[in-house]
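Here is a short report for a reader meeting this structure for the first time. Please look over the sequence and the model before reading on.

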Amino acid sequence: MHEWALAEAVASAVIKEAEKRKKKRITKVKVMLGELQQIDVDSFKFALDPLFKSNPVTAKAEVELEIEKCMLKCNLCGEEWGFDDVTGEEAEFIHFIPEVAHAYMKCPKCKSPDFKIVRGRGVWIEYIKGDS
Ligand SMILES: [Zn+2]
């Protein structure tokens, strides 16, 4: 499960950030999860919890997770759309293998296959709050 690897990466990034900002104790962390990463939020929380608890810096931190919805933008006409606008089997397939999105999706307005992923990719820490 890639949730475990991600949780470890997030936990170590939070600790590093805390050190950099000279925070002795982190009170709140907000993590954004891109929709395209297909992360199971419950598994992710389950993996992150013991990692945070095992470090005194993050032991008391409140963790907020938010899924960032995918947003695509047409390079030709500028139309923006997301997975909510794609229905049926096609959407399921693209969800499962985001790399093939370009082969299967077209701009809903001008039908161009030339688009970029604006949002919904990757995992990052939106912010950390803590006491110095
Ligand atoms: Zn277009």
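This is a predicted model: local features need pLDDT of at least 70, side-chain atom pairs count only at pLDDT 80 or more; totals for chains, interfaces and linings use all residues.

## Nonpolar cores

The largest nonpolar core holds 20 residues. Those that touch the most other members are Val14, Ile26, Val29, Val31, Phe44, Leu48 and Phe52. H1 supplies the largest share, with seven residues.

Take Leu48 as an example. Beyond its neighbours within four places in sequence, Leu48 is in contact with Ala7, Val10, Ala11 and Val63. Another core lies apart from the largest one. This other core has nine residues, including Cys70, Leu72, Trp81 and Phe83.

## The zinc site

Which residues are the protein donors of the zinc ion? They are Cys74, Cys77, Cys107 and Cys110, each through its SG atom. These donors lie 2.3 Å from the ion. The site is tetrahedral, with angles of 105 to 114 degrees among the four donor atoms.

Along the chain, the donor residues follow the spacing C-x2-C-x29-C-x2-C. Cys107 is at 0% relative accessibility, so it counts as buried. Cys110 is at 32%, so it counts as partly exposed.

Lys30 lies in strand E1. Is Lys30 buried or exposed? Its relative accessibility is 12%, so Lys30 counts as buried; the cut-off is under 20%. Leaving out residues up to four places away in sequence, Lys30 touches Glu64, Glu66, Trp124, Ile125, Glu126 and Tyr127. Tyr127 is 97 residues from Lys30 along the chain, yet their C-alpha atoms are separated by 5.4 Å. The side chains of Lys30 and Glu66 are joined by a polar contact of 2.7 Å.

Thr58 sits in the loop between H2 and strand E2 (62–68). Its relative accessible area is 1%, so Thr58 is buried. The Thr58 side chain reaches the backbone oxygen of Phe52 at 2.9 Å. Setting aside residues up to four places away in sequence, Thr58 touches Val14, Ile15, Ile26, Leu51 and Phe52.

## Salt bridges

How many salt bridges are there? The count comes to ten. One of them pairs Glu17 with Lys20, with the closest N and O atoms 3.6 Å apart. Glu17 and Lys20 are three residues apart in helix H1, so about one helical turn separates them. Glu17 is partly exposed at 22% relative accessible area, whereas Lys20 counts as exposed at 63% relative accessibility.

Arg25 and Asp131 meet in a salt bridge of 2.9 Å, N to O. This pair links distant parts of the chain, 106 residues apart: Arg25 is in strand E1 and Asp131 in strand E6 (residues 123–131). Arg25 counts as partly exposed at 34% relative accessibility. Asp131 is also partly exposed, with a relative accessible area of 35%.

Lys69 forms a salt bridge with Glu35, and their closest N and O atoms are 3.7 Å apart. Lys69 lies in the loop between E2 and strand E3 (71–74), and Glu35 in the loop between E1 and H2, so the pair ties together parts that are 34 residues apart in sequence. Lys69 counts as partly exposed at 46% relative accessibility, but Glu35 is buried at 11% relative accessible area.

Key. Residues are numbered from 1 along each chain as its sequence is written. Side-chain values use heavy atoms; hydrogens and water are left out. A nonpolar core is a set of buried Ala, Val, Leu, Ile, Met, Phe, Trp, Tyr and Cys residues joined through side-chain atoms within 4.5 Å. Buried means under 20% relative accessible area, exposed over 50%, partly exposed in between (1.4 Å probe, protein chains only). Helices (H or I, at least four residues) and strands (E, at least two) are DSSP runs, numbered from the N terminus. Contact means heavy atoms within 4.5 Å. Donors are N, O and S atoms within 2.8 Å of the metal (3.2 Å for Na, K and Ca); water is not among the atoms, so sites may look incomplete. Four donors count as tetrahedral if all angles lie between 85 and 135 degrees; four count as square planar and six as octahedral if opposite donors are over 155 degrees apart and all others between 65 and 115; anything else is irregular. A polar contact is a pair of N or O atoms within 3.5 Å; within protein, one must be able to donate a hydrogen and the other to accept it, and residues adjacent in sequence count only if both atoms are side-chain atoms. A salt bridge is a side-chain nitrogen of Lys or Arg within 4 Å of a carboxyl oxygen of Asp or Glu.
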